[in-house]
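Take a walk through this model with the structure open beside the text.

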Amino acid sequence: MLCSVSTLHLFSHPNSNSPTSQNLHNLLHSFNTPFELKQLHAHLIKTNTPLSTLPLPLTKLALVTALTPDFPYAQCVFKHLDKPEIVFWNSCLKAWAEGQSPFDAILLFYQLREFDIVPDDFTCSFVLKACAALSDVLNGRIVHGYVEKLGFRSNLFLQNMIVHLYASCGTMGDARLLFDKMSQRDVVTWNIMISQLVKSGDVEGAFELFSLMPERNVRSWTAMIAGYVQCGKPKEAIHLFMEMEEAGLRPNEVTVVAVLSACADLGALDLGRRVHEYSNCSGFRGNVRVSNTLIDMYVKCGCLKDACTVFDEMEERTIVSWSAMIAGHAIYGQAEEALSLFSKMVQIGMKPNDVTFIGLLHACSHMGMIDKGREFFNSMTRDYGIIPRIEHYGCMVDLFSRAGLLQEAYELIMNMPIKPNGVVWGALLGGCRVHKNIELAEEAIQHLLELDPLNDGYYVVLSNIYAEAERWEDTAKVRRLMRDRGVKKTPGWSSITVDGMLHEFAAGDESHPQAEEIFQMWGKLLQKLKIKGYVPKTSIVLLDVEENEKEKFLYRHSEKLALAFGLMKTPPGMPIRIMKNLRVCEDCHAAMKLISGIVNKEIIVRDRNRFHCFKDGSCTCNDYW
């Protein structure tokens, strides 16, 4: 007899003395409480069925009795089996640590210690996993102490788990201290540190470790590439990807997503296309995340048709896919297409999210669809229970401001349930400039100087408003205010990729090896522009110089230099794609519309706010604003 059963009650069973195989199997798997377990045990004893010969679900036995007063009863059962007791408790720890009850795993660990059951390395690994799942660094430290005490310091797997625990809980100092003290490390150890440093925002620290790695695998490279993308350094990400290729490693799906994101940020279309081709050849076509990132990359690189092709070929689409395409049509000024896509999405039962509505409101804003914008804004909460975020209010203020409904925009700001940020007030300021409302512009700038005092763009807009109203003293005051506050105008630059090489231009740039040819090309274009009626908009030049000097200043804007270079280097029929870090100025916008008709080329410019697609003398935007 294994344990005393004098007080146990038997299951009621018609043939309890000679159960069939099926009945016995049902009994063995039917207990869910310690009491039912004891009933089963008593039944087996009464029928003289040896426990060791039965497929008793021992993990379930451990799960049922752990953390209960019947824990000793389970011990009594386990001691009559041919495996160490800790093996069965480990199965319980594993189930809880990897399931929905990691805290129970920690409690069981302490119960095991209370009953003097010695943990093994598996015990420690499961409890460390539970601590990591709960970000419980305090109990993790205690388990770390047991690892040291029990002599498991040489267990590299456990050491890696502890490093991961400290790092993922935000105690990078402890993680680094343990990392430095480890007598041996493998590539997993290094990857843990690099990944967690990236997550904490210390990309430079991550790269320092990356540079010291004795060997790197695909995960190592991917962690660093993704880290550079996340911190806004797409150039470094792409450079690292090139090194990875040279090292002979094949990117996985996560690498592909990271590199495509870098291409999107940088406008590196040629590399993006190459990675897309590699992705298809590697069997990643069915990966939804890869496809979603491809859509984003093509949209941001000025290839909306390619984005549509990727979208149309997707076998499975998520709300991210639909929202990305809606936003893509919106920033290209294709409001009707964006709204049509939304209707199709709703028809198939796909529920929109908050990002979907940002794209819709952008579409309405850029195309002046005021009533539709109001309808979508109200529908968010009424039909889908989505509470508007600051971005949605910003879109509505932008919509009203563009349409000249400045008072309505102002009232919306004042009645917002959340505090307006610089983007919201900036949208109103932009509308005030277009519609020449100096009073509201001054109101907006007061808030902007508090919210974002070093943003040079707001000062420039206000200065332009005063200049267009010929209030030169106020214009001078704005300049003095910028100087006194140490605000410097952000230098404008534009970039264009030709034959896989990125070329960057600053305003007035003479450093390019072909600068003289570029200026000559612009001179030829200027002659043709003037025949078409082009008049330089010198009012946007705030320098106190002669009119002809202002014209020269306009002619050397970075986007004009990039365009002239593109015309020199691209074959007929090939679109020219330019990226600008600031907004395209009104003069460049007007000039590029005319040039697209003169040279019979599509010119796509991605600026800080949106895409401008110039073709046949017009732009997809309704107007510059």
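**From the sheet to the core**

Helices (H or I, at least four residues) and strands (E, at least two) are DSSP runs, numbered from the N terminus. Two strands pair if DSSP finds at least two bridges between them. This is a predicted model: local features need pLDDT of at least 70, side-chain atom pairs count only at pLDDT 80 or more, and totals for chains, interfaces and linings use all residues. Residues are numbered from 1 along each chain as its sequence is written, and side-chain values use heavy atoms, with hydrogens and water left out.

Stay with S5 and S6. They run antiparallel and are joined by two bridges. Their hairpin has two residues between the strands, and Asp-616 there takes a positive phi near 55°. On the other pairing, strand S4 (residues 603–606) meets S5 in the antiparallel sense over four bridges. Here Ile-603 has Phe-614 in S5 as its bridge partner. A hairpin through four residues joins S4 to S5. Strand S5 (residues 611–615) is mostly covered, with four of its five residues buried. Buried means under 20% relative accessible area, exposed over 50%, and partly exposed in between (1.4 Å probe, protein chains only).

Now step back to the whole sheet. Six strands form an open sheet in the order S2-S1-S3-S4-S5-S6, with mixed pairing. Strand S2 (501–506) and strand S6 (618–619) stand at the edges, each with a single partner strand, so one side of each has no neighbour in the sheet. Further in, strand S1 (residues 493–498) and strand S3 (residues 576–580) run antiparallel and are joined by three bridges. Ile-496 has Ile-578 as its bridge partner in S3.

Next, the cores. In soluble globular proteins, nonpolar side chains tend to be buried together. A nonpolar core is a set of buried Ala, Val, Leu, Ile, Met, Phe, Trp, Tyr and Cys residues joined through side-chain atoms within 4.5 Å. The largest one here has 166 residues. Those with the most contacts inside this core are Phe-78, Trp-89, Leu-108, Met-297 and Leu-428. Helix H15 (residues 253–266) gives the largest share of this core, nine residues. A second, separate core has 33 residues, including Val-498, Leu-526, Ala-562 and Ala-564.

What surrounds Leu-428? Leaving aside neighbours within four places in sequence, Leu-428 is in contact (heavy atoms within 4.5 Å) with Val-397, Ser-401, Leu-406, Ala-409, Tyr-410, Ile-413, Leu-440 and Ala-444.

Aromatic rings come next. Rings of Phe, Tyr and Trp (its six-membered ring) pair if their centres lie within 6.5 Å; planes under 30 degrees apart count as stacked, over 60 as edge-to-face and the rest as tilted. The count comes to 20 aromatic pairs. Phe-71 and Trp-89 have ring centres 4.4 Å apart and planes at 15°, so this pair is stacked. Phe-71 lies in helix H4 and Trp-89 in helix H5, so the pair ties together parts 18 residues apart in sequence. Phe-71 is buried, at a relative accessible area of 0%. Trp-89 is also buried, at 0%. Ring pairs link Phe-71, Phe-78, Phe-88, Trp-89 and Phe-115 into a cluster.

Another pair, Trp-522 and Tyr-555, is tilted, at 6.0 Å centre to centre and 50° between the planes. Trp-522 is in helix H29 (residues 515–531) and Tyr-555 in helix H30 (residues 547–555), 33 residues apart. Trp-522 is buried at 6% relative accessibility, and Tyr-555 is buried at 10%. Arg-556 lies over the face of Phe-519, at 3.7 Å from the ring centre. For such a charge, NZ of Lys or CZ of Arg is within 6 Å of the ring centre and within 35 degrees of the ring normal.

Finish at helix H3 (residues 58–65). Its buried residues are Leu-58, Leu-61, Ala-62, Val-64 and Thr-65. Seen down the H3 axis, they fall within an arc of 165°, so they line one face of the helix; the arc is that of the directions from the helix axis to the C-beta atoms. Their cover includes helix H2 (34–46), helix H4 (71–78) and helix H5 (85–97). Just after H3, Leu-67 takes a positive phi of about 60°.
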